Amino acid sequence: MCGIVAYIGAKEAYPIVVKGLKRLEYRGYDSAGVALFNNGEINLYKKQGKVSNLEEFAEGRDKSGHIGIGHTRWATHGEPNDVNAHPHLSGDGQIALIHNGIIENYESLKTELESRGHVFKSETDTEVLVHLIEEIQKNQSLSLPEAVRVTLTYVVGAYAIVVMDKNNPRQLIAARKSSPLVIGIGKEDDYYLASDATPIVEYTKNVVYMDDEEIAILDLDSGMKLVDIANQEKTPYIQELELHLEELEKGGYEHFMLKEIHEQPRSIQDCFRGRLNAKDGWVQLGGIKDHIEKIGKAKRIIFVACGTSWHAALVGEYLFEDLARIPVEVEYASEFRYRNPIIGEDDIVIAISQSGETADTLAALDIAKKKGATTLGICNVVGSSISRVTDAGSYTHAGPEIGVASTKAFTAQVTVLTLMALSIAKERATMSESQFRTILTELEQIPNKVSKVLEQNDLIEHISDVYQNANNALYLGRGSSFPVALEGALKLKEISYIHAEGYPAAEMKHGPIALIDEEMPVFVIATQGTSYEKVVSNIQEVKARKGKIIAIVTEGDTQVKAMADHVIEIPDTDENLVPLLATIPLQLLSYHVAVMRGCNVDQPRNLAKSVTVE
Ligand code: G6P
């Protein structure tokens, strides 16, 4: 949440910073701002709303300068307005600062600073930081890097910050703790800073992912220096980015979300490339192979995740228990971290996270590690915090996901979970060889089958048109289609603002059935499998109360077709793999409904993609 970008070098900073902020808008779009150093002055432009508002505001004003810092905000402390927008200035206007994270002890620091005469303009926690740097710098006559370092020893909370000083315009200071920050080392002795690598990739592929409690001094004369909070110098670990610029563009699609939905045949394929061979009958996830024996012997596996990733974890529970016969618990990371969970050395805790930066998931992992569990990560963003703090893990390789509503990351997570479940099943010998090979063969065919589902776009658009004005919607499924129902409901509510709930189909009679009338669309995953007949009964219960049924069925189905108002067919597959196909029409449906209702599909209100605050 909140995106930060900065540049120092020979180029003009403003275009780099603003372009970078647009790439980071998925992290929040409540306000945007830049501070540019030029001719001994800091020019500060801040505006409520999106980066485009900032651009309009800055039109015709002085935007020159070779040092710039910029911020796109997801509001925590203080409403989204121009004053609360970052960058924030010190009292004397000498220092400008941008911040992603939360300063938990800001109130006590603020009271102390006020007693020393500091006057604050905004309601943010961030402004306290820049005043504290000013205070410490003056009181202790410290250099800026030292003042920043000492300041951070007083701070409780999470931060990624970049600081610029009018008195030292050849230097930027950056620091991080629990919020991500990447340094790009430019080709012309210049430096880039950003919350992720997307604003940097078009200028350089050489990056350093900062670690917690590291401070970077980027100096045009003396180069880059990294120190830790105790002032010990550290050697930067320079990595080469594997990101490609085309992945960050819409590629002819109207929205990133639509592009990402359509990318799924490829992203699922990329996810199992080199990890599976149905002909020779093997599965291998290189990232966890050294731990597979321990995982196989584990008493239980605990998934921790948030949002859509939590839904993927629920699918994982069905897969791991059915295929690998290992007990699984699925936890909301935010609940797990605060309820003194019983965890021991025999437990395996698996964090699932697209961004790899979600604050609650990171905190849950921290607890699991402290209690001695083996920790694994399933992340999409390479080099992200979760992928670095876990003992081992597997990337989903879905490529950058820009739309705030997760689509291809979800199916890639489910694909990795399937591969993991199969690897553990092999280790524990819980599946027959023929069963194992059948599911591998089916998995290899999933990308083609996803393409077939996507071909039904026109039908799905038509159904979306019929229900676009609904006020509520119910999603039902059983078995591993229950998490698909939850995910379908989440997609609809987050981008179209229609109230939607997902339920296990049989639970409907314990409450939601009271809501059903002729106005209520009920989306049911009714594919062939163990609970097909039970779901058919649930559909009848809805029809008896005049609800509208939109059913996702297996190709060739006749029974549900005869009862439903609309059906969407998906190709037949192994029951364990149905979530990978049944999710697709629900994503498309939410997309079309949101477009028809005039909603901002890629950047829905109040949401952010990377939730780095708890
Ligand atoms: C936010 C995003 C969701 C995502 C969730 C968890 O709410 O809008 O799309 O599922 O965070 O994020 P993670 O990066 O940990 O998967």
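Strand 23 (residues 472-477) and strand 24 run parallel and are joined by six bridges; helices (H or I, at least four residues) and strands (E, at least two) are DSSP runs, numbered from the N terminus, and two strands pair if DSSP finds at least two bridges between them. Ala473 has Ala500 of strand 24 opposite it. The model is predicted, with local features requiring pLDDT of at least 70 and side-chain atom pairs counting only at pLDDT 80 or more, while totals for chains, interfaces and linings use all residues. Residues are numbered from 1 along each chain as its sequence is written, and side-chain values use heavy atoms, with hydrogens and water left out.

The two strands belong to an open sheet of five strands in the order 24-23-25-26-27, with parallel pairing. Its edges are strand 24 (499-504) and strand 27 (566-570), each of which pairs on one side only. On average, neighbouring strands of this sheet are turned by 20° against each other, direction ignored. Helix 19 lies across strand 23, strand 25 (521-525), strand 26 (548-554) and strand 27, and runs at about 135° to strand 27. Such angles run from 0 to 180 degrees between N-to-C directions, and axes are lines fitted to C-alpha atoms, for helices over the stretch in contact.

Buried means under 20% relative accessible area, exposed over 50%, and partly exposed in between, with a 1.4 Å probe and protein chains only. The buried residues are Gln264, Pro265, Ser267, Ile268, Asp270, Cys271 and Phe272. After helix 7 comes Gly274, with a positive phi near 75°.

## Packing of helices 13 and 14

Helix 13 and helix 14 pack with their axes 12 Å apart and at an angle of about 165°. Helix 13 is therefore roughly antiparallel to helix 14, a term for angles over 145 degrees, with under 35 roughly parallel, 65 to 115 roughly perpendicular and the rest oblique.

In this contact, Thr418, Leu419, Leu422 and Lys426 of helix 13 meet Glu433, Phe436, Ile439, Leu440 and Leu443 of helix 14. By class, the contact has six nonpolar, one polar and two charged residues. Ala, Val, Leu, Ile, Met, Phe, Trp, Tyr, Cys and Pro count as nonpolar, Asp, Glu, Lys and Arg as charged, and the others, Gly among them, as polar.

An open sheet of eight strands has antiparallel pairing and the order 3-2-4-1-10-9-11-15. Strand 3 (41-48) and strand 15 (239-240) are its edge strands, each pairing on one side only. Helix 1 (residues 13-23) packs on the sheet, where it touches strand 1, strand 2 (31-38), strand 4 (67-73) and strand 10, and its direction makes about 160° with that of strand 1. Helix 2 (residues 51-58) packs on the sheet as well, touching strand 2, strand 3 and strand 4.

Strand 10 (residues 191-194) is covered on both faces, with Tyr191 and Leu193 buried on one side and Tyr192 and Ala194 buried on the other. Four bridges pair strand 10 with strand 1 (residues 3-8) in the antiparallel sense, and Tyr192 is the bridge partner of Tyr7. Strand 9 (residues 182-185) pairs antiparallel with strand 10 over four bridges, and Ile183 stands opposite Leu193. These two strands form a hairpin with five residues between them, and Asp189 in the turn has a positive phi of about 55°.

Notes:
Contact means heavy atoms within 4.5 Å.
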